[in-house]
Amino acid sequence: MTCEPADNPLSVQFWLWGQDVLAGYLEAYGFQKYLNPCGKGSSIYRKGGVGLHSSAAWLMAAHGFVVYSRPSEGFFWLEDDKTLPALPGQAILVDCGWGLEAFGTFVQTYEAWIAQHAGPAYRKDLLRNLPIAARRSRAAWEGWVLHAGNPVAAVIE
């Protein structure tokens with residue numbers, strides 16, 4: 001139930017978030033930066049029920065959290081976010097399509113904000129310079145972000 005690499009838009013999104021951290025956009029969007037509780041590795045960014053780390057992304061759902069694990073390219077269900085970004089043994093693997101749907105609205109809203117605040121050239125330049133590993137997923141990312149006529153279309157065309 002992991003996502004197929006070429007069909008996984010999150011490989012592109014994670015790289016973009018990394019660039020956004022460097023440019024200060026995650027914090028400008030309202031994310032707060034926290035040290036990794038494990039004492040090493042990248043910081044954790046949180047906003048409301050959303051968390052981002054270089055190895056995982058998670059968001060609050062009706063009765064728990066949907067978690068994307070970057071190393072496994074899989075989605076999981078957890079009752080709470082106390083152990084994140086580390087996945088506990090009781091994490092339940094869920095369908096990739098369901099996980100992408102759960103994250104879709106957040107990512108589309110975020111990308112619309114980036115387009116408005118950073119301008120269209122910012123994302124266009126980043127997409128032109130995707131690392132090789134993320135290039136295979138660009139079409140999947142574009143389709144995912146453009147879902148439902150998102151105004152980001154002008155940015156990537």
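Tutor: Let's start with a term: a disulfide is a pair of cysteine sulfur atoms within 2.5 Å. This is a predicted model, in which local features need pLDDT of at least 70, side-chain atom pairs count only at pLDDT 80 or more, and totals for chains, interfaces and linings use all residues.

Student: How many disulfides does the structure hold, and what makes C3 and C96 count as one?

Tutor: The structure holds one disulfide. The S to S distance from C3 to C96 is 1.9 Å, which is within the cut-off, so the pair qualifies.

Student: Why is this disulfide called right-handed?

Tutor: The torsion about the S-S bond of C3 and C96 is about 105°, so the disulfide is right-handed. The pair links distant parts of the chain, 93 residues apart: C3 sits in the segment before α1, and C96 in helix α3. Helices (H or I, at least four residues) and strands (E, at least two) are DSSP runs, numbered from the N terminus.

Student: Are C3 and C96 buried or exposed?

Tutor: Buried means under 20% relative accessible area, exposed over 50%, and partly exposed in between (1.4 Å probe, protein chains only). C3 has 3%, so C3 is buried. C96 has 12%, and is therefore buried as well.

Student: How do you know that the buried residues of α4 line one face of the helix?

Tutor: In α4 (residues 120–128), the buried residues are Y122, R123, L126 and L127. Seen down the axis of α4, they fall within an arc of 120°, so they line one face. The arc is that of the directions from the helix axis to the C-beta atoms. As background, an α-helix has 3.6 residues a turn, so residues three or four places apart point the same way.

Student: What makes a set of residues a nonpolar core, and how many residues has the largest one here?

Tutor: A nonpolar core is a set of buried Ala, Val, Leu, Ile, Met, Phe, Trp, Tyr and Cys residues joined through side-chain atoms within 4.5 Å. The largest has 36 residues, and W17 and F75 have the most contacts inside it. Elements that each supply at least two residues include α1 (10–23), β4 (56–61), β5 (64–69) and α3 (96–118). The largest share, eight residues, comes from α3. A second, separate core of nine residues includes I44, A56, L84 and A91.

Student: Which strands are called the edge strands of the sheet, and why?

Tutor: The open sheet has seven strands in the order β1-β2-β3-β4-β5-β6-β7, with antiparallel pairing. Two strands pair if DSSP finds at least two bridges between them. β1 (32–34) and β7 (92–94) each pair on one side only, and they are the edge strands.

Student: Why is V94 counted as buried? And which residues does S69 touch?

Tutor: V94, in strand β7, is at 14% relative accessibility, so V94 counts as buried. S69, in strand β5, is buried too, at 10%. S69 touches S55, G74, F76 and L87, not counting residues up to four places away in sequence; contact here means heavy atoms within 4.5 Å.

Conventions
Residues numbered from 1 in each chain as written. Heavy atoms only, no water.
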